[in-house]
Amino acid sequence: MSNDLIRALQGALRKKQVLTRASDLLCYAYDATAGEAGRVPDVVVLPASTDEVERVVCIARDRGVPVYPRGAGTSLSGGAIPARGGIVLSTAGMDAVLELDVENQCAIVQPGVIIQRLDDMAAEHGLMYPPDPGSVAVATMGGSIAECAGGLRGLKYGVTKHYVTGLEVVLADGQVVRLGGKTTKNVTGYDLVGLFVGSEGTLGVITEATVRLVPAPEARATMTAVFATTGEATRAVAAIVAGKVVPATLEFIDATTLRLIEEYSHAGLPADAAALLLIEVDGSPEAVAREADFVERVCREHHGRVERAADDEARERLWAARRAAYPAYARHSRGTIVEDATVPRSRVPEMLAAIEDIARSHGLTIATVGHAGDGNLHPTVLVDPDDAALMEHAHTAIAEIFRAALDLGGTLSGEHGIGSAKAPYLGWALGEGGLDLTRRIKAALDPQGILNPGKFTE
Amino acid sequence: MSADGPPGDLPTIRAVADAVAICNRCGSCQAVCPVYAETHAEPGVARGKVQLAAAVLSGDLLVDRDTAAAFATCTTCMACEEACPSGVPVVDIVNAARAQVVEARGLPWVKRVVFGGVKRPGMLRAAAEAAARLQGAAFKPAPDRELRRLRFPYGLAARRAYPPLAARPFTHPGAQKKAGAGSRVLLFPGCMVTYVYPGIGDASVEVLERAGVEVVTPPEAACCGVPLEAHGDLAGATELARLQLDQLEGMEFDALVAACPTCTSSFVHRYPRLLAGEPRYAARAQALAARSYDITSYLVDVLHVGPPAGPLEATVTYHDPCHLARGLGVTRQPRELLASIPGVTLSEMREPSRCCGGAGSFSLTHQELSLAIGARKAADIVATGAEVVATSCPGCRMQLADVLAQAGDSRPVVHTVELLAAANKGAAR
């Protein structure tokens with residue numbers, strides 16, 4: 001079967017687009033998810049056009065072989081891992097920005113375009129593409145749409161699904177469909193575009209996307225506030241939101257993370273700090289001045305020590321602490337399991353307390369940063385992948401974190417998706433009815449189950 | 001020499017096992033890898049190579065030809081190391097893997113013959129001189145610049161334009177003893193300067209002597225060993241490290257200076273590492289490392305040289321060599337030197353420290369990739385509109401001249417010290 005498959009693919013694509021060597025295949029057995037054992041695919045294809053994607057899917061369809069769509073492989077829930085052999089289909093090479101329509105404030109891109117590149121190109125026209133996951137410099141548009149990536153600007157600007165207005169998708173039966181378009185408003189039939197955003201490669205292969213761009217803000221103000229207690233920090237967040245100010249960024253960094261950052265970068269963070277907020281407001285210069293003053297006052301009223309950036313250099317320095325969080329984790333521990341349990345904003349203090357309790361009860365180090373403004377927290381379990389006992393504790397703790405988030409009216413994942421890593425818990429969030437609907441949708445679009453098998457739809 | 005086989009003991013790659021384990025596969029290296037930007041394929045990027053090293057260590061991947069090819073496809077530009085949140089020493093891993101390949105499979109015969117010659121300075125010199133005399137037969141002058149193309153098209157090699165080997169290799173007659181002379185510098189020329197760009201050597205001597213420094217050169221123009229280590233010949237590279245220390249033993253100098261950052265990083269980083277376990281050499285390698293400098297950093301940081309004598313009216317753009325910018329942390333000094341030349345205006349290119357794709361013999365073994373990486377660099381250079389391209393590495397200079405020629409561009413590419421020397425002479429380039 002495997003030989004026939006490879007011959008067929010080699011007949012449909014150029015030789016260089018079909019990778020079969022063991023050393024090549026091993027490089028597609030993983031994504032960025034910690035502790036998700038990969039499986040080596042049978043073959044990797046690097047199509048360069050929709051037509052070639054269609055040919056690959058047809059070959060897979062005729063043989064009932066799995067196809068795993070892949071972008072930059074930076075997914076954090078196992079979404080890009082070839083769970084049971086078959087074809088990894090990388091769209092990384094389809095990286096043309098087909099149109100940047102300034103008048104209609106939108107862009108048409110191929111799936112391999114790096115998010116940052118699109119945002120940079122938009123910036124040349126005073127526009128921006130807001131979704132900015134941590135992997136923004138490497139993640140692809142196709143991958144981030146399939147995963148519905150979020151980012152630091154989510155509170156004010158929303159996430160990927162709020163920007164995708166059109167898609168071209170190759171379906172499991174090889175059919176190519178074009179959905180939506182450039183218009184912001186579009187209620188022509190079902191929201192089929194929305195069906196594919198966040199579908200994690202289980203319903204079709206995205207081969208083109210039309211996305212909205214928005215005017216880039218004229219001004220911004222950045223500040224950090226250091227608090228001696230977590231409670232003061234979270235009450236400050238609540239007070240900012242109650243004041244009807246919506247910062248572009250409202251990031252929370254916990255005491256464990258601050259300690260690790262200090263060990264790593266010696267940035268001079270106060271040793272007694274229990275929490276740090278990184279806040280950025282943007283908009284018109286007048287609004288920014290007014291809102292920044294308000295945010296600063298609120299933080300001071302909650303006993304925060306505030307530092308406000310006077311210029312771009314100072315802004316970079318303030319952001320450095322937040323950017324150092326992940327490297328600090330990585331240098332502290334060989335394994336970092338990043339979760340993204342999300343709760344309604346008002347329940348963040350309870351969620352933080354629950355995470356602390358869970359860490360303590362399992363003797364684990366769990367460091368948390370989070371997008372406090374939108375309730376999306378990133379508790380990160382620091383582990384040693386070779387320590388089986390520790391890993392078992394880590395997985396139990398993660399299950400308890402999911403349970404706590406759901407009990408607080410939240411959800412399993414704010415922006416990383418379910419993939420294979422969170423699949424066992426999907427029923428907790430969706431219930432039997434939700435699971436059943438998910439499977440019916442999957443069965444309708446991919447009756448053979450060839451698209452990204454082994455993930456949450458099974 | 002064994003055939004493809006089970007991993008067995010694999011001591012060389014086992015030595016970097018801890019480094020391999022710290023990669024958490026975040027993929028940040030994709031943003032900066034010059035190879036990945038061309039291939040869009042995971043085996044090209046650091047994350048892929050580190051995972052392949054892990055697979056070799058776990059026994060999931062044989063040390064075979066394909067594995068060797070995967071590890072060979074890297075310019076060792078170190079951009080991934082700079083971008084890595086976890087601080088994975090990728091180049092150490094790649095070099096260890098290449099050495100493991102050679103240990104397990106032996107060197108291919110061509111490399112065995114070539115490196116055997118490179119290890120003997122006399123043979124290297126004789127071969128280079130003979131080649132310089134005979135090259136007219138093999139190469140024809142390229143029409144556009146002082147480069148040559150192969151007369152007999154040999155695959156992609158036919159597309160490349162190489163500078164001719166120098167008719168006269170670089171030599172320096174030795175110090176002219178000056179009364180009350182300041183410090184004494186050992187100028188390490190390296191192969192590229194000796195046999196391809198003796199003008200860089202002459203210019204180095206000129207600017208150093210002008211700064212009141214006495215210049216001496218090593219007895220033999222022997223190779224620093226990087227080309228051998230890059231191809232996994234760790235034993236040969238270590239042999240050359242010993243040879244260098246031996247030939248410099250007993251020579252008196254205050255500092256070792258080179259105009260090739262790859263040579264400099266050999267003295268600063270590689271020799272102390274390669275010779276760490278050898279009591280006869282370890283301390284000497286450490287001591288020499290502490291007084292080895294790239295020429296631009298020596299001129300600026302130690303000699304505090306003033307501006308050159310004559311003006312040189314030109315817009316100059318500067319390319320940062322990987323092994324100088326990331327390997328030795330030197331980016332400010334060459335710019336200060338260039339900006340100090342009266343009449344020179346610096347015009348920065350986009351991503352000046354992005355790899356030019358030269359990477360020593362990578363430009364020969366991976367010509368298509370090397371040219372594709374270089375084409376981006378050429379476009380960035382052309383976009384500046386600068387009249388002259390400066391860099392601080394003979395290898396980069398060769399690649400930049402080639403890729404600009406490929407792009408039909410004829411602006412000159414020079415080493416930073418050559419512009420300084422030209423300005424000193426008060427003569428335009």
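Residues count from 1 along each chain as its sequence is written, while chains are lettered from A in the order in which they are written. Because the model is predicted, local features need pLDDT of at least 70 and side-chain atom pairs pLDDT 80 or more, whereas totals for chains, interfaces and linings use all residues.

Chain A splits into domain 1 (2-90), domain 2 (105-215), domain 3 (218-328) and domain 4 (333-417), with bounds taken from an automatic or database domain assignment. The centres of domain 1 and domain 4 of chain A, taken over C-alpha atoms, sit 32 Å apart. Six residues from domain 1 of chain A and nine from domain 4 of chain A make the contact, where contact requires C-beta atoms, placed from the backbone, within 7 Å. On the domain 1 side there are two nonpolar, four polar and no charged residues. Here Ala, Val, Leu, Ile, Met, Phe, Trp, Tyr, Cys and Pro count as nonpolar, Asp, Glu, Lys and Arg as charged, and the others, Gly among them, as polar.

Turning to helix H4 (residues 115-123) of chain A, Ile115(A), Leu118(A) and Ala122(A) are buried. Buried takes 20 or more other C-beta atoms within 10 Å of a residue's own, exposed takes 12 or fewer, and partly exposed lies in between, with C-beta atoms placed from the backbone. Helices (H or I, at least four residues) and strands (E, at least two) are DSSP runs numbered from the N terminus. The three residues share a side of H4(A) because they cover an arc of only 65 degrees around the axis, judged by the directions from the helix axis to the C-beta atoms. The buried residues of H4(A) pack against strands S5 (97-101), S6 (106-109) and S7 (127-128) and helix H5 (141-147) of chain A.

His303(A) has phi near 65 degrees and lies in the loop between helix H10 (285-301) and strand S15 (305-308) of chain A. It has 15 C-beta neighbours inside 10 Å, so His303(A) counts as partly exposed. Ala359(B), with phi near 50 degrees, belongs to the loop between strand S8 (344-346) and helix H19 (362-365) of chain B. Ala359(B) is buried because 27 other C-beta atoms lie within 10 Å.

Between the chains, 28 residues of chain A contact 25 residues of chain B. H11(A) gives the largest share of the chain A side, four residues. By class, that side holds 16 nonpolar, eight polar and four charged residues.

Key. Contact = placed C-beta atoms within 7 Å.
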